[in-house]
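Subject: Structure handover

Hello,

Please find below the structure I said I would pass on. My notes on what was found in it follow.

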Amino acid sequence: MENLAQILLLLGVGVAVVVVFQRLHIPTSLGYLLVGIILGPYTIGPSVYAPEFRTLGEFGVVFLLFTIGLNFSLPQLQALRHQVLGFGTGQVFFTTAAVGLVLWLAGLAPAAAFVFGAVFAQSSTSIIGSQLNEQGEANTHHGRFGLAMSVFQDVTAVPFLVIIPVLGMAVGASVLATALGWALVKAALAIAVVFFAGRWLLRPLFQIVTKRRSAEVFTLTVLLIALLSAWVTNQLGLSLAFGAFLAGMMLGETEFRHQVESSIQPFRDVLLGLFFVGIGMRFDPMTLPPIWHWTVLGALLILASKILIVNILLRRSQIDARVALRTGLLLAVGGEFGLALAAIAIDSNVIDMQLGQIAMTSVLFSMIAGAVLIRFNGVISAHLSRAARSDSDTTVAPAPLDDQQRQVLIAGYGRVGHTVAVLLKSSGVPFTAFDINPERVAQGLADGYPVVYGDITDPGMLEAIGVARASLVVVTIDQTDTALRMIAALNRICPQVAVIARAKDLAASSSLIQAGAVHAYPETIEASLRLGAAALKILQVPDADVDLVIQEFRDWDYQPVAEAEQNK
């Protein structure tokens with residue numbers, strides 16, 4: 001318990017700073033960096049030092065790459081092989097090459113110049129996404145391009161995790177080529193091992209685990225798979241994060257992907273926060289005066305190189321000049337993953353501590369300046385392109401939504417859920433159904449429907465599946481308490497998404513509507529209405545009159561039935 005006081009100090013400062021940053025709508029990663037600077041050994045006041053913190057922080061990167069792998073499975077990468085894949089790869093490649101070449105010509109060693117290029121090529125998805133949402137630009141053309149390319153940058157960082165540690169061991173060109181070649185061979189071996197193990201073992205394993213209906217066992221299994229894959233690649237001399245990324249890719253192809261992401265998210269967020277705290281502790285403010293001009297030049301190099309390269313790439317693909325420029329302004333911001341790569345390079349002795357200070361401070365300055373560029377990207381692009389200063393492009397009608405954004409989410413794939421799925425599919429409406437019964441999930445997949453394993457009543461699960469982008473949620477589960485919890489979570493997370501629900505009786509229907517459902521249809525009364533409608537039609541009452549009577553009952557929230565029950 002000797003470190004308990006330090007743990008309490010770290011948690012107390014962390015909670016205070018993160019709460020303030022969240023209230024100010026500043027990315028929390030910057031808050032964790034500030035916590036590290038405050039509690040680091042280079043500032044006045046109490047400091048926190050425990051080797052265990054650094055080790056735990058490294059697992060934050062492991063779980064981050066695991067989550068990225070979940071969202072970039074092989075089929076998804078195949079689907080993105082055209083524009084976004086080309087733009088994302090081109091931006092990272094050309095930025096790394098251009099920055100590396102400039103710094104090599106300026107006198108930096110080739111390995112160090114390469115590291116700076118890789119670090120500077122990264123952009124912050126969290127800063128871009130949060131500011132675009134706040135500004136209402138997430139669905140504009142430049143917003144969609146910027147977000148897609150920034151997310152793909154996280155994937156392109158994976159090869160750097162393999163290459164950078166090797167650079168610290170190489171002493172000559174021939175040794176470097178041999179070491180890199182051997183590292184790539186081991187990476188290919190790791191990919192093959194994880195790929196075949198994932199294809200043959202992971203889905204059967206999770207099918208067995210989900211039958212236990214235990215969230216605890218499920219979470220333990222997720223942790224085991226992520227860390228076991230990381231251990232395998234580490235044994236091959238590669239990074240822990242690389243193995244976690246491969247495991248995430250394999251699980252991303254299964255029906256358990258969303259629940260896996262929801263289960264791992266708390267561990268990822270906390271441990272990644274510790275990682276950024278550790279990076280913040282590396283900052284020495286006293287070293288800034290002698291190197292401040294290099295850090296400012298580094299930040300300017302980050303901003304200018306990415307604005308120019310992104311603009312050229314998009315313009316060559318016949319993208320509108322204004323959209324290309326605004327996308328470049330979005331991606332100019334430095335990225336958290338750049339800080340992670342800089343820390344790995346320091347630990348691998350590829351760059352010394354002073355160069356590491358320059359790299360990380362440059363990224364930090366570019367994150368601050370880049371946030372300003374994102375905020376005023378419309379004004380800046382209008383000025384640079386000498387266009388009229390209007391907000392027409394900012395408020396441009398959103399691009400057509402893809403299937404994931406237009407789709408309906410079905411909560412529960414039992415008898416009612418299956419019926420809703422059949423109706424939606426026959427009408428050509430895209431949907432995804434969720435259920436925690438693995439047998440129902442397997443049956444749905446066998447029927448050819450997109451049924452996914454997941455507890456949709458979990459708020460973390462709702463955020464993981466991107467429920468805010470859905471056009472409708474249909475709640476078909478028959479447990480009223482569970483349905484109420486889910487509707488309350490939906491109303492809190494995304495009140496703009498319409499919800500209709502199944503109810504057992506009139507009392508349950510009223511409760512669900514009060515919780516936020518647009519409609520809640522009680523099964524017992526609906527069955528009676530259908531029976532009455534059939535009777536009226538047999539008695540040759542016109543169909544239009546029958547439909548009108550039935551609809552009036554529904555529009556009045558079944559008040560005639562409720563009054564009849566009260567008068568009994």
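**Helix 11**

Helix 11 is mostly covered, with eleven of its twelve residues buried. Please keep in mind that this is a predicted model. The buried residues of helix 11 are Ala241, Phe242, Gly243, Ala244, Phe245, Leu246, Ala247, Gly248, Met249, Met250 and Leu251. The helix covers residues 240–251, and at 1.5 Å a residue it should span 16 Å; the C-alpha atoms at its ends are 17 Å apart, which agrees.

**The chain as a whole**

The chain has 26 helices and six strands. Of its 568 residues, 49% count as buried. Among contacts in the chain with a separation of 6 or more, 73% are between residues 24 or more positions apart.

**Helix 1**

Helix 1 runs over residues 4–23. Its 20 residues should span 28 Å at 1.5 Å a residue, and the end C-alpha atoms are 29 Å apart, which agrees. As a general point, an α-helix has 3.6 residues a turn, so residues three or four places apart point the same way.

Just after helix 1 comes His25, with a positive phi of about 60 degrees. Asn349 also has a positive phi, near 65 degrees, and is a residue other than glycine. Most residues other than glycine have a negative phi. Asn349 is found in the loop between helix 15 (336–347) and helix 16 (353–375). With a relative accessibility of 63%, Asn349 counts as exposed.

**The cavity**

How many cavities of 30 Å³ or more does a search of the whole structure find? The search finds one. The largest cavity has a volume of about 40 Å³. Its lining is made up of Gly198, Arg199, Arg203, Met250, Glu253 and Thr254. Helix 9 (residues 173–210) supplies the largest share of that lining, three residues. Met250, one of the lining residues, is also among the buried residues of helix 11.

Helix 9 also holds Leu189. This residue is partly exposed, with a relative accessible area of 45%. Leu189 and Leu236 are 47 residues apart along the chain, and their C-alpha atoms are separated by 8.8 Å.

**Two glutamines**

Gln91 lies in helix 5, which covers residues 83–105. Is Gln91 buried or exposed? At 0% relative accessibility, Gln91 counts as buried. A polar atom of the Gln91 side chain lies 3.2 Å from the backbone oxygen of Ala121. Leaving out residues up to four places away in sequence, Gln91 touches Ala121, Met149, Gln153, Lys306, Ile309, Val310 and Leu313.

Gln265 is found in helix 12 (residues 257–282). At 19% relative accessibility, Gln265 counts as buried, since the cut-off for buried is under 20%. Apart from neighbours within four places in sequence, Gln265 is in contact with Gly460 and Glu463.

Ser427 is found in the loop between helix 19 (415–426) and strand 2 (431–435). Ser427 is exposed, with a relative accessible area of 56%. A polar atom of the Ser427 side chain lies 3.0 Å from the backbone oxygen of Leu423.

Asp545 lies in helix 25 (residues 543–555). It is partly exposed, with a relative accessible area of 39%. Asp545 and Ala533 are twelve residues apart in sequence, and 9.9 Å apart in space from C-alpha to C-alpha.

Regards

Notes. Residues are numbered from 1 along each chain as its sequence is written. This is a predicted model: local features need pLDDT of at least 70, side-chain atom pairs count only at pLDDT 80 or more; totals for chains, interfaces and linings use all residues. Side-chain values use heavy atoms; hydrogens and water are left out. Helices (H or I, at least four residues) and strands (E, at least two) are DSSP runs, numbered from the N terminus. Buried means under 20% relative accessible area, exposed over 50%, partly exposed in between (1.4 Å probe, protein chains only). A polar contact is a pair of N or O atoms within 3.5 Å; within protein, one must be able to donate a hydrogen and the other to accept it, and residues adjacent in sequence count only if both atoms are side-chain atoms. Contact means heavy atoms within 4.5 Å. The expected span of a helix is 1.5 Å times one less than its number of residues. On a 1 Å grid over the protein atoms alone, a cavity is a set of points where a 1.4 Å probe fits but cannot get out, and a pocket is an open set with protein on both sides within 12 Å along at least five of seven lines; lining residues have an atom within 4 Å of a point. Grid points are joined across faces, edges and corners, and a volume is the space filled by probe spheres set on the points.
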